[in-house]
2 protein chains.
Amino acid sequence: MMSAMGNPTNIFWHECAVGKAERQKLINQQGCVVWITGLSGSGKSTLACSLNRELHSRGKLSYVLDGDNLRHGLNKNLGFSPEDRTENIRRVGEVAKLFADAGLICIASLISPYSKDRDACRAMLTDANFIEVFLNMPLEVCEGRDSKGLYKLARSGKIKGFTGIDDPYEPPLNCEIKIEQENGVCPTPCDMAGQVVSYLDVNGFLHA
Amino acid sequence: MMSAMGNPTNIFWHECAVGKAERQKLINQQGCVVWITGLSGSGKSTLACSLNRELHSRGKLSYVLDGDNLRHGLNKNLGFSPEDRTENIRRVGEVAKLFADAGLICIASLISPYSKDRDACRAMLTDANFIEVFLNMPLEVCEGRDSKGLYKLARSGKIKGFTGIDDPYEPPLNCEIKIEQENGVCPTPCDMAGQVVSYLDVNGFLHA
């Protein structure tokens with residue numbers, strides 16, 4: 001099946017006989033995007049891994065799109081200019097959308113500091129299938145960890161435009177899940193993953 | 001886990017606890033890329049759909065990356081210049097690689113006329129996981145179908161650089177599967193899909 005779209009470049013759209021619903025039924029889950037945003041060092045990759053592990057132990061198929069890792073592949077021709085950052089996030093959003101359409105629980109882990117970029121990704125999916133997780137850790141905590149040594153470089157001026165130091169992080173206003181310290185204590189990776197899994201469970205994503 | 005790579009831009013690589021082998025075990029199949037190449041009108045989308053259907057009926061999770069469809073999303077900022085065509089195929093290759101890593105049988109359907117672009121995608125994966133399917137239909141047959149009306153436009157000069165008309169198609173020399181007419185008769189969609197499924201079966205992709 002094919003339809004011409006209102007597009008001057010003669011690109012057609014092909015509908016395929018097997019759709020998202022059928023794939024979901026096959027693997028008994030619902031495809032969606034879990035979008036983890038937060039400062040460098042806030043624990044995004046840690047949460048992504050922990051969540052991936054927990055979902056796998058429940059027999060669910062998930063896949064992590066890590067912003068850093070993708071810069072070695074799909075996004076290796078992008079730098080850190082504002083336009084390139086936006087394009088970086090756009091591509092990850094498009095790929096995450098494909099994974100969700102394939103039926104997977106796609107875990108995207110990127111600083112994604114600007115609301116407009118995150119909202120553009122949300123707009124690619126239906127609201128219900130885009131689950132924004134804000135890892136709301138204080139800058140001092142993230143900088144204190146500095147596991148990659150990047151804050152040090154940013155403070156000394158060796159990296160410019162570093163989120164939280166000399167470039168803004170715009171916190172989500174309407175995220176689905178917010179993960180924070182409690183009484184000054186950071187949640188464990190298991191706690192964080194548990195919070196997301198509960199959300200997925202309650203909202204029906206863990207069954208077709 | 002994290003390692004600094006020999007990269008001046010401070011991008012790290014995160015290893016995740018759940019790997020390809022575990023995902024494959026979960027869904028009892030082996031992730032790979034089935035790359036369908038051929039002229040416009042050779043039947044790539046038809047084969048992709050038919051193959052997707054046949055795999056689904058066997059309980060296998062597959063997903064189609066259609067070159068035309070992706071030009072409405074991930075690749076919508078690309079045109080048809082030689083550089084843009086190469087980038088178009090590179091991105092599809094990178095995404096196909098992610099799907100294969102996720103454990104899916106990823107069916108990529110693109111004209112992909114140049115050997116070097118296809119070979120670059122092959123090089124992203126191991127040889128064994130890149131299955132190149134050459135839909136070797138004569139130009140007259142493809143042009144005779146002209147289901148999108150594109151050959152007509154190309155012949156009249158309204159589209160420039162059209163593969164097979166005024167831009168070359170470089171046939172694969174070492175593809176894993178070649179699909180052709182027999183005694184002047186085109187194989188049915190089922191026959192074509194069957195040929196690919198047999199290959200996948202014999203080579204162990206349909207079990208973990």
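Predicted model: local features only at pLDDT ≥ 70, side-chain atom pairs only at ≥ 80, totals over all residues.

Student: What makes the pair B:R53 and A:E22 a salt bridge?

Tutor: The closest N and O atoms of B:R53 and A:E22 are 3.2 Å apart. The rule asks for a side-chain nitrogen of Lys or Arg within 4 Å of a carboxyl oxygen of Asp or Glu, and therefore the pair qualifies.

Student: Which helices does this pair link?

Tutor: B:R53 lies in helix α2 of chain B, and A:E22 lies in helix α1 (residues 20-27) of chain A, so the pair crosses between chains.

Student: How many salt bridges are there between chain B and chain A?

Tutor: The count between the two chains is 4.

Student: How many residue pairs are in polar contact across the interface?

Tutor: The rule finds 14 such residue pairs, both members being at pLDDT 80 or more.

Student: Which elements of chain B each supply at least two residues to the side that touches chain A?

Tutor: They are β2 (12-14), α1 (20-27), α2 (44-57), β4 (62-66), α3 (67-70), α4 (82-102) and α7 (150-155). The most comes from α4(B), with 9 residues. By class, this side of chain B has 26 nonpolar, 14 polar and 15 charged residues.

Student: What area do chain B and chain A bury between them?

Tutor: They bury about 5000 Å², with 68% of it on carbon and sulfur atoms. In terms of residues, 55 of chain B are in contact with 55 of chain A.

Student: Why are the two copies described as related by a two-fold rotation axis?

Tutor: Chain B can be laid on chain A by a turn of 180° and a shift of 0.0 Å along the axis, with an RMSD of 0.0 Å. The two copies are therefore related as by a two-fold rotation axis. In chain B, the C-alpha nearest that axis belongs to B:V95, at 3.6 Å from it.

Student: How do you know that the same surface serves both copies?

Tutor: Of the contact residues of chain B, 100% recur in chain A.

Student: Where does UniProt place the feature "domain: APS kinase"?

Tutor: The unreviewed UniProt entry places this feature at residues 30-179 of chain A. Over residues 30-179, chain A is 41% helix and 17% strand, and the end C-alpha atoms are 23 Å apart.

Conventions
Residues numbered from 1 in each chain as written. Chains lettered and ligands numbered in written order. Heavy atoms only, no water. Least-squares fit on C-alpha atoms with pLDDT ≥ 70 in both. Contact = heavy atoms within 4.5 Å. Buried area = accessible area lost by both parts, 1.4 Å probe. Polar contact = N/O pair within 3.5 Å; in protein donor to acceptor, adjacent residues only side chain to side chain. Helix = DSSP H or I, 4+ residues; strand = E, 2+ residues; numbered from the N terminus. Nonpolar A, V, L, I, M, F, W, Y, C, P; charged D, E, K, R; others polar. UniProt positions renumbered as here; feature names shortened; annotations may be inferred.
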